[in-house]
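The sequence and the structure are shown first.

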There are 2 protein chains.
Amino acid sequence: MINDIFLKACKRQPTNRTPVWMMRQAGRYLPEYRAVRAKTDFLTLCKTPELATEVTIQPVDILRVDAAIIFSDILVIPEAMGMELIVEEGKGGPRFPSPLRSKEDINKIQVPDPNEKLKFVMDALRLTRKSLSDRVPLIGFSGSPWTLAAYMVEGHGSKNFRYAKELIYNEPKLAHQLLDKLAKSVAAYLSAQIEAGAQAVQIFDTWGGILTQDAFQEFSLYYIRQIIEETKTKGAPIIVFCKDCGHSLEKIAATGCDVVGLDWSNDIGMVRKLIGSTTALQGNMDPTILYTKPERIRQEVKMILEKFGKGNGHIFNLGHGILPDIPVEHAREFINAVKEESVSFHL
Amino acid sequence: MINDIFLKACKRQPTNRTPVWMMRQAGRYLPEYRAVRAKTDFLTLCKTPELATEVTIQPVDILRVDAAIIFSDILVIPEAMGMELIVEEGKGGPRFPSPLRSKEDINKIQVPDPNEKLKFVMDALRLTRKSLSDRVPLIGFSGSPWTLAAYMVEGHGSKNFRYAKELIYNEPKLAHQLLDKLAKSVAAYLSAQIEAGAQAVQIFDTWGGILTQDAFQEFSLYYIRQIIEETKTKGAPIIVFCKDCGHSLEKIAATGCDVVGLDWSNDIGMVRKLIGSTTALQGNMDPTILYTKPERIRQEVKMILEKFGKGNGHIFNLGHGILPDIPVEHAREFINAVKEESVSFHL
């Protein structure tokens, strides 16, 4: 591989600088992405391997990030399990018109064979690997069982996730049945992604932070651990990113993952002291820094590099996805600043 | 005073049970509140002392909470500083049509005399104290400088607070000028509230959690500390509630406040070990628990009481405001459960 520093950093192995990529790096802030989307809707883009490959590789070509992440959506799994998924532009995000609200609803959904029902993802991974020609590694991903369940029960994104909360609080057994099905689905999905060419995988627990610490462990982290145990045998590094879960970083590190993803509420220097001897860290710049002047972006990059300190095991990233109205030049300054400023931390 | 256990708990003094109240307890979940609101708009309600008094006392009469909190809104301060504030029903929350976006905008706003520009709040406090006849203590409140600034710069609530973030990141000096004006305004406002009859005050830092730890200290907690230093001389207990700031609890406790408010992401038992020897704790039940069955509500109350453990210095509350569609009977079960189940923790 021409540039494998991302994979080395996942294993806390020495590199000559800190690798960098951005969550949602294949996205609306890129004019080239918007040009593809002008011709096709979001789900068709996810399901057309040639197009998914094209937008996956865009940030590698345009910004020279150190890893590609396959273009897809976490909600293709619930759809593969039998739920109708609707993604309409500018109408408040994706939604499930028939959310899971009863035992019957939950019984009906099926653990899918990823190579059949999600073949388009595997095809996109294979085609992207081929098109990348080993320039940089390719990351696969999935939502966590809890995050998927939250959407499937609520029907859409939400501030309070009333129905998802009612399920876990009022009917924990039924919640566990759903989460168990999801854990099996996600484990098979990630394994299939690795077999199809993903060289690392990331589990996104976007909604872990709306739970109490106890509920986070019981309804989210327990299943993430199960998935890691099953997926680990495939040999690809596993990144776990639980947003707003700074209270449970040691427990996240103890799942057996290789990398813990951090949002910007964490001080990466303190986190390194806490879990950095066993786990690599990914993150964690406030995504809104990319609205600011280039010199301010570089200053923040330097501060985070200093917080982490010298040595290996840091993958630079934002603390959440890049926002859709960020100027491309600011994203470029971010990537370049990490590449240039991090060298002295690896001497 | 007939029931002063809330004030005793603020000072970690012995009580025969745990006091309880709810953030937003004077709110839409009460039919009696909706009846008042049917006759008047939100800001008129805030500005009419007789009506504000009526809805402030409703949860004391209906649910028998252990403290009243004056009905008002955190955004009356920016209005008193010279900004136009618009609150329209069902149109995405309050907004400032002319947000602060330049040095000129920030220079224009004035530190108000609270007894002149916010006299309606002082009148409501005096009238409420009179109407309560010392049945329970009356709490005053304010937004924190950072949380007020975030609204004033953005113009409205936001997911990312792009403009507020740009201000602190690109123009920190100007941000500090604004925050300094706000800190002076809030300190005078809270002091005036105490003089008008508030027996404790709470500072709400709703948006502290969107900042990095460093920015939280520089742009939020620094000013909260200043306000506490000035307001402390008035003798009323001070509660600080910074939502999603579990990373900085020791620093919040070190501001000199009497009580630290907790959202539900914190384990109150662990927090007590951390800061409970110097500070009382307020919280911290997930507000969505109130959607669940009464027996589940009681179970959660018992669990939180057990986490805190025996002894004094706990004020029971939700981890955020009560949601507008909670059945009143569920709120009642919550209040009663705390009153009944907490006795054995005070023997």
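A:Asp214 lies in helix 12 (residues 213-232) of chain A; helices (H or I, at least four residues) and strands (E, at least two) are DSSP runs, numbered from the N terminus. A:Asp214 has 11 other C-beta atoms within 10 Å and is therefore exposed. A residue is called buried if 20 or more other C-beta atoms lie within 10 Å of its own, exposed if 12 or fewer, and partly exposed in between, with C-beta atoms placed from the backbone. Between A:Asp214 and A:Ser248 the separation is 34 residues in sequence and 9.9 Å in space, C-alpha to C-alpha.

The model is a predicted one, in which local features need pLDDT of at least 70 and side-chain atom pairs count only at pLDDT 80 or more, while totals for chains, interfaces and linings use all residues. Residues are numbered from 1 along each chain as its sequence is written, and chains are lettered from A and ligands numbered from 1 in the order in which they are written.

**Strand 3 and the sheet of chain A**

Strand 3 of chain A, helix 12 of chain A and strand 4 of chain A form a right-handed β-α-β unit. A crossover is right-handed if, with the strands pointing away from the viewer, the path from the first strand over the helix to the second runs clockwise. Six of the six residues of strand 3 (residues 200-205) of chain A are buried, so this strand is largely enclosed by the rest of the structure. From strand 3 of chain A, A:Ala200, A:Gln202 and A:Phe204 point one way, A:Val201, A:Ile203 and A:Asp205 point the other way, and all are buried.

The open sheet of chain A contains seven strands in the order 1-2-3-4-5-6-7, with parallel pairing. Strand 1 (68-69) and strand 7 (314-318) of chain A are at the edges with a single partner strand each, so one side of each has no neighbour in the sheet. Two strands pair if DSSP finds at least two bridges between them. Some of the parallel pairings in chain A are set out below.

| Strands of chain A | Bridges | A bridge pair |
|---|---|---|
| Strand 3 and strand 4 (residues 238-242) | five | A:Ile203 and A:Val240 |
| Strand 5 (residues 259-261) and strand 6 (residues 280-285) | three | A:Val259 and A:Ala280 |

**Chain A as a whole**

Chain A has 16 helices and seven strands. The radius of gyration of chain A is 19 Å, close to the 20 Å that the globule rule gives for 347 residues, so chain A is as compact as a globular protein of that length. The radius is taken over C-alpha atoms, and the globule rule is 2.2 Å times the number of residues to the power 0.38. The C-alpha trace of chain A spans about 60 × 45 × 40 Å along its principal axes. Of the 347 residues of chain A, 55% count as buried. Among contacts in chain A between residues at least 6 apart in sequence, 73% join residues at least 24 apart; two residues are in contact if their C-beta atoms, placed from the backbone, lie within 7 Å.

**Strand 7 of chain B**

In chain B, five of the five residues of strand 7 (residues 314-318) are buried, so strand 7 is largely enclosed by the rest of the structure. On one side of strand 7 of chain B are B:His314, B:Phe316 and B:Leu318, and on the other are B:Ile315 and B:Asn317, all of them buried, which leaves both faces covered. Strand 6 (residues 280-285) of chain B runs parallel to strand 7 of chain B and is joined to it by five bridges. B:Leu318 in strand 7 of chain B is the bridge partner of B:Met285. From strand 6 of chain B the chain crosses through helix 15 (residues 294-308) of chain B to strand 7 of chain B, in a right-handed β-α-β crossover.

**The contact between the chains**

The contact takes 24 residues from chain B and 24 residues from chain A. Helix 10 (residues 162-170) of chain B supplies five residues, the largest share of the side of chain B that touches chain A. That side of chain B has five nonpolar, eleven polar and eight charged residues. In this classification Ala, Val, Leu, Ile, Met, Phe, Trp, Tyr, Cys and Pro count as nonpolar, Asp, Glu, Lys and Arg as charged, and the others, Gly among them, as polar.

The buried residues of helix 10 of chain B are B:Ala164, B:Lys165, B:Leu167, B:Ile168 and B:Tyr169. The buried residues of this helix pack against helix 15 (294-308) of chain A, together with helix 9 (145-154), helix 11 (172-195) and helix 12 (213-232) of chain B.
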